[in-house]
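Thanks, everyone. I'd like to walk through two interfaces today, one between chains and one within a chain. Let me put the structure up.

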Amino acid sequence: MPDLYFGAGDEATEAEKDAVAEALADYGPVVVRETERLVHAGRSRTRERRHLLLPALHALQRSAGWISPGGLDHVCGELEVPPAEAYGVATFYHLFTHDPPAADNTVHVCDDVACRLVGAVALIDDLRVEGYHVKASPCLGQCERGPAVLVQRTGRPDLTVTAVDDGPVTTSEVAVAISSESSTPSVSLAQTGSGDLRLLTRVGVVDPTSLDDYRAHGGFRALEEALRMGGDRVIAEVTASGLSGRGGAAFPTGVKWRGVADQEGRPRHLVCNADESEPGTFKDRVVMEGDPYSLVEAMTIAGTAIGAEQGWLYIRGEYPVAIGRLRHAIDEAYAEGLLGDDVAGSGIRFDLTLRSGAGAYICGEETALFNSLEGYRGEPRNKPPFPTTHGLFGEPTAINNVETLVNVPPIVLMGGEAYAAVGTKQSPGTKLFCLSGRVKRPGTYEVEFGATLRDLVDLAGGLIAGSEVRAVMLGGAAGSFVGPESMDLPLTLEATRAAGVSLGSGVVMVFDQHDDMVDTVRRIAEFFRDESCGQCVPCRVGTVRQEEVLVRLRRGADIEDERELLDDLAAVMRDASICGLGQTASGAIRSALDLGLLVSSGDSQGDRS
Amino acid sequence: MSTMVEITLDGESARVPEGSTILDACRRKGIDTPTLCWAENLTPVNVCRVCVVEVEGSRVLVPSCSRNVEEGMVVATDTERVRTSRRMVYELLASSVEMDRATPEVLAWMDHYGARPDRMGDRSEIVTQAQPVKVQDDLYVRDYERCILCYKCVEACGDDAQHTYAIATAGRGFDAHISTEHDVSLPDSACVYCGNCIGVCPTGALMFKTEHDMRDAGTWDESKQSVTTTVCSFCGVGCNLELHVQDERIVKVTSPADHSVTNGHLCIKGRFGWQHAHA
Amino acid sequence: MWGSNARNAHPIFFHHALRGVANGALMWTIDPRRTDTAKFADHWLGLNVGSDIALAHGIAREIIAAGLTDEEFIENATSGFDEFAAFVEPWTLKHTSEVTGIPSGAIRDLSHAYATADKAQICWTLGITEHHTGVDNVQSLCNLALLTGHVGRWGSGLVPLRGQNNVQGGGDMGALPNKLTGFQDVEDDEARAKFEAVWGCPIPPTNGWNLTEMFEAMERDELKAVYCIGENPVDSEADAKHARAMIERLDILVVQDVFMTRTAEVADVVFPAALGWAESDGTVTNSERRVQRMRAAVPPPGQARQELEIINDLAAAMGDEGWGAPTPEDLWEELRKVSPMHGGMSWERLEAEGGIQWPCPSEDHPGSPFLHGRLWERPAGGRRAPFSCVENRPPLDELTDEFPLRLTTVRALDSYNTGVQTEHFASPIRTGEALSISVADAEALGVVDGERVAVSSRRGTIEMTVEVEEYLAVGLCHTTFHFPETTDINQITSDAVDPKAGTAEFKAAAVRVERLADGKLAGDRA
């Protein structure tokens, strides 16, 4: 559409062109030269294809190891995206690079709050000594088996490397993974085989690459049932179940679905937010890796129920195993007629497209996720309007988190009322929690709402020897710290709300008396500084100034000299930021301040024997 | 005629047309409200957050520039929360960028809210946007250490006017910046030198080279300038030109944002084609 | 967009068009080249140079054949439909496709899209008018609006984009041989009487000469004195040599201009004038009939004076004692008395409202955003709008084996006409003059990007640099004409002229391109 101009003047390589052609295969280029005298192009064709920008950028990064100027220009020519805009999109994401690759393998090592408790910083040093091209990474969602490593490779699929049994990942394990081209296998769950599970019942039991095995374990029965019931009844059951969003905001799912189903506008969309990036969170990954078909089934039920013709699964780019399994699951579901124009013979259309992110925490914010999917920078939109009316592509959209969606098949099968029989009145059902830090068996745990913090820690085998709880990070970096006095807090929506904390994404990260809390809190501040999209002033500059305060504190500055500034920064970020990132960027830090965790105790570092 | 909506604004009831923003309502009621990223000829992007107000029932403050009024809405524009956030926005910006060439209005608001950017720390110890000025041709100067990332230039270059899309926001967080692709020079970019980005820049980060050179030479003196509105001669569209004249010479050309022909935007001929008047 | 590269020539108009596109409007571009404008279009139709009437007739015939005409509108507001329908009957899709070079499916799609659209506009510029059939071209487009009722309504219409800031205003003011101010006929006794009463002097009762007729009169020695204001006929007339000879025959030539033009150089008296847009007060009228105030911002240099002052002094020197020294505002108030369509535009309103579109008959009238609304009155007000049976006639400069390429002249964004005004700023996007040719022609000629070539037409040969352009049709080449001092394109452009409008056929010359032996022109020009 626009008068494109390619100032860089570089040409794409044939490999890059091939990779881009494959990524765009289903849609073709914008400009169609029908004859020498007739060319079709224009804004509607450009608009229809803009969402292919992100997959095209992935194709470039994968094929060449970077987003080369020639490659970017080529994509821009095919999609008629102005190169400056495409460059703006490409530079938004951590996993896209803009210099020729320094090595065939880029080793991203998580040095975020959980992994830095278990040797991440040392691993980074070791890998660098051995000559690896290493980048420190925000949380990679492998907190139960850190330090986590993601290997991004030119021309080949990405790999994750994590601890398997005891002891952190070593450099030789990284080398073995690269040479064997295989990620560390998924972990088994402590609860595997437990009869009470609803959401994790098949994880570790079913073959995640086999649709038949999924069926053999009861898979797709809920979809059949849902199609028989019809959309309105499905929504009614979901409403009756009291299911609320598990992404952190806890909005009633049935209300959201009803809202979209009642929209006149078409097309409608169902989006699954699988951009699990909250530090300390890994439960969705466990479900997607261990039981991918359940998410496909859940999305299909949701999509057909609300009348969405198109489903989008947006999964964070740091989850190569989950991406691979879900792609396979979707392909098989299409092959079996469970997706497409005629879902399971119902005559209802539901298409499902998987898109992977490229390293941006902010894209877990629903409107930022829409922008990212649409091929724009993942900058959140102002709300209102809300996704129900103006979501993806400005069209009616229901967006749900993975955990929320996988609750749906059990609800359909058992009925909303039966579903609500467990948990509490205001928090019915079960919840997944991500236990990490100083517990014996870190991992994903499914419990009925109402379990206390202590129950969860006990479920995870209790604290490691010699540890005493100093603080627990609840709900992730966007959540808050609680002290040992809160161990009997029931983890329900109502109880946490009353206590002024949030369940968030279900993070329970335990710190003990030896842990350097000032450094932990500084790392959280760094995380927000790195992950701020930069759009609004309070968050873009506020997160930087906040981190600077934390750095000063760690160097020994007096908290009393900084308190007023921290208060003001917290106020402007909380009150005036566009989205939840900025609004919560000071929460954990404020709670740490209130708990007295920000008094630097010089002896806490490296004191673990 | 449009339906009216009744709201409460700083304790007084006000009737405003449906579809108005809170900012519109404030202006109708004579409540002065600071803005940075808002402009009457651009789509609101509500990124600067300096126009925030308190709306009853809203957990967080609300950008008045882009939130439409609703029946019964209760709005407060001068609460402690509002004042704190507005002051902080100015302090955060001024601790990062040079604000001395911002519009007089911006400087007056900073004073009004008592902004003290120095308390963010010594300039040498905190990160800022300090960087060399970009002079790549004879028409434009881009001085991004004055850029507050208000997105106005991107909008004027893109959907709101020129549809050239030569610049966009690149990078992320504090590293987010306005850039051509791969930071190629402006003459190598898609830029067609309409000057509409400069026309909307509120902080002097983007400047016509004539003005920039005069400022550097110390000869730029707005107190000696007159502004005369006339009509461009380079085609039949009838774009209004505002000729800024100092010492009987044209020193800058702008266009009125409220004129239906240009909406404040010009092309390269209208913006720079005046030089034959002094040939 | 038909024969209009508004993206470059009318950029701010195009902002408005693009806003419409963003709101869902479809854009079709009809142009021999895939211009910067065409790149924004949903569909670009690359017709043969000078086949506009053929395409218009093909579209008309398809609209009629498909039963997509607005029958009620035709019945009520137009005349000559039956004759027109019969006239365009031979222009089947197939025949039209053969003549225009556009696939017939695209012609059908465009016809149906235009006819069935709720609102549709046809915008054009010099791609329509700079032909020997310029007037006929315009009329063929008008036919389409009449067939479909896309005229006289908000959002629909025919939009000629003016090339200068006061082309419209000149006509409004009566700078036409057959019109008084406000398009009132010179030969209308009643109108003339009104003017005579206000002006206090008699007005010759017969039409004057147009420019072509003036030169004929010079040749007959009937026209011996010329007062030439803001025009440079020595450079701009199609047959420049003849024009210069005629001007040199004059007994007296007075030239009033802002530049020392080549016409001024041969004048007996030169009045240096102030620049209109920056040094003078007054009004101009834009393409949408919007009268706007023009204001002096800087004083004119040297001896240059306000044009009104020059005329005032001239009148005094000629002995008119009643003339006085009217100001621009005085003149405007006088105009309002004699021109009803300007009657409601007080000087104060023009100041306050930033422009008013005529007709604006009274001070409480808001001005008129569109014309011809009368065609929708029942019965239609005024004269019925006639269909025009105009013939498709190809460009006069024929393509032959000797001159096989069609050369058309185009405009760049950052330059204006012959560059006299725009050469004074250092445009970073100015690339100079080049001859753009198609990939296939470049290969056939064995020339590459950046190579210097000889370009010859029946009138001369010049040297140019080649630029190979993707999407350019085989057999077509183009160039701008902004740099006459280095590349004098008008040495080779066609000397054909539209007899109705006097406009030269700048859009269609027949040329030959040759490689340069040893980088030099061969033969006598070497």
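Start with polar contacts. Across the interface of chain B and chain A, 26 residue pairs are in polar contact, both partners at pLDDT 80 or more. Keep in mind that this is a predicted model.

Which elements of chain B supply at least two residues each to the side that touches chain A? Helix H2, residues 80-96, and strand S7, residues 168-170, each do. H2(B) gives the most, with ten residues. By class, the chain B side divides into 26 nonpolar, 15 polar and twelve charged residues.

Now the extent. 53 residues of chain B are in contact with 56 residues of chain A. Together the two chains bury about 4200 Å². Of that area, 55% is on carbon and sulfur atoms. Within chain B, the residues losing the most area to chain A are B:Tyr165, B:Arg172 and B:His182. Those three make up 20% of what the chain B side buries.

Next, charges. How many salt bridges are counted between chain B and chain A? Six. Let me pick one. The side chain of A:Asp568 meets that of B:Arg119 in a salt bridge, at 2.6 Å from N to O.

Stay on A:Asp568. This residue lies in helix H23 of chain A, residues 559-576. Is A:Asp568 buried or exposed? Its relative accessible area is 12%. The cut-off for buried is under 20%, so A:Asp568 counts as buried. Leaving aside neighbours within four places in sequence, A:Asp568 is in contact with B:Thr84, B:Arg87, B:Met88 and B:Arg119.

Second interface, inside chain A. I'll take domains 1 and 2. Five residues from domain 1 and seven residues from domain 2 take part in the contact.

The buried area here is about 340 Å², with 44% on carbon and sulfur atoms. On the domain 1 side, A:Gln61, A:Arg62 and A:Gly65 lose the most area to domain 2, together 87% of what that side buries.

One salt bridge is counted between these two domains. A:Arg62 forms a salt bridge with A:Asp158, and the closest N and O atoms are 3.8 Å apart. The domain 1 side has one nonpolar, three polar and one charged residues.

That's it from me.

How values were computed: Residues are numbered from 1 along each chain as its sequence is written. Chains are lettered from A and ligands numbered from 1 in the order in which they are written. This is a predicted model: local features need pLDDT of at least 70, side-chain atom pairs count only at pLDDT 80 or more; totals for chains, interfaces and linings use all residues. Side-chain values use heavy atoms; hydrogens and water are left out. Contact means heavy atoms within 4.5 Å. Buried area is the accessible area (1.4 Å probe) that two parts lose on being put together, summed over both. A salt bridge is a side-chain nitrogen of Lys or Arg within 4 Å of a carboxyl oxygen of Asp or Glu. A polar contact is a pair of N or O atoms within 3.5 Å; within protein, one must be able to donate a hydrogen and the other to accept it, and residues adjacent in sequence count only if both atoms are side-chain atoms. Helices (H or I, at least four residues) and strands (E, at least two) are DSSP runs, numbered from the N terminus. Ala, Val, Leu, Ile, Met, Phe, Trp, Tyr, Cys and Pro count as nonpolar, Asp, Glu, Lys and Arg as charged, and the others, Gly among them, as polar. Buried means under 20% relative accessible area, exposed over 50%, partly exposed in between (1.4 Å probe, protein chains only).
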